[in-house]
Amino acid sequence: MAGSSVSGDFIDAWNDLEDLRHEREEAASELAPTVLWIVVTGMLFVACFVSGVHPPTTRRMIGAAIYLATFATVMWLIGELDRPFDGFCQASRLPIARLLAEPWTP
């Protein structure tokens, strides 16, 4: 009887740990896109400042536009891949749901 109490406490603690991990993961994934867009905006201001230091030419403006577009695309892809089950690039939830439905034995 004492063994079942210990195993029950262990299962409860494990479930609490999983709940906390899941909450932490949700909070981190909600904050990541905001941080990425702040970085993109900062890089925009840096590019505007740098292009304002030197006389603007067509070549410099095209270079700055390519730089910002590339940086924004990379940041957008990082934000998209941070959310695998929704957004533009999606993965199916079905394999993970099947795996979680299988009974786990230690």
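Rings of Phe, Tyr and Trp (its six-membered ring) were taken to pair if their centres lie within 6.5 Å, with planes under 30 degrees apart counted as stacked, over 60 as edge-to-face and the rest as tilted. By this rule, one aromatic pair was counted. The ring centres of Tyr67 and Phe71 lie 6.4 Å apart and the ring planes stand at 25°, so this pair is stacked. Because Tyr67 and Phe71 are four residues apart in helix H2, about one helical turn separates them. Tyr67 is partly exposed, at a relative accessible area of 38%, and Phe71 is likewise partly exposed, at 21%; this class lies between buried (under 20% relative accessible area) and exposed (over 50%), with a 1.4 Å probe and protein chains only.

The model is a predicted one, in which local features need pLDDT of at least 70 and side-chain atom pairs count only at pLDDT 80 or more, while totals for chains, interfaces and linings use all residues. Residues are numbered from 1 along each chain as its sequence is written, and side-chain values use heavy atoms, with hydrogens and water left out.

The protein chain contains three helices and zero strands, in the order α-α-α from the N terminus. Helices (H or I, at least four residues) and strands (E, at least two) are DSSP runs, numbered from the N terminus. Of the 106 residues in the chain, 7% count as buried. Glu80, located in helix H2, is buried, with a relative accessible area of 7%. Glu80 and Gln90 are 10 residues apart in sequence, and their C-alpha atoms are 8.7 Å apart in space.

Surface patches were built from residues with over 30% relative accessible area and no salt bridge, like charges being joined within 9 Å and nonpolar side chains (Val, Leu, Ile, Met, Phe, Trp, Tyr) within 5 Å. A salt bridge is a side-chain nitrogen of Lys or Arg within 4 Å of a carboxyl oxygen of Asp or Glu. Accessible areas come from the Shrake-Rupley method with a 1.4 Å probe, and for residues only the protein chains shown count as cover.

A nonpolar surface patch of about 570 Å² is formed by Trp37, Trp76, Leu77, Leu81 and Phe88. Helix H2 (residues 58–81) supplies the largest share of this patch, three residues. Leu77 lies in helix H2 and is partly exposed, at 36% relative accessible area.

A patch of negative charge on the surface gathers Asp9, Asp12, Asp16, Asp19, Glu23 and Glu26. Asp12 belongs to helix H1 (residues 2–53) and is partly exposed, with a relative accessible area of 46%.

Conventions: Lys and Arg count as positive and Asp and Glu as negative; His and the chain ends are not counted. The place of a charge is taken as NZ of Lys, CZ of Arg, CG of Asp or CD of Glu.
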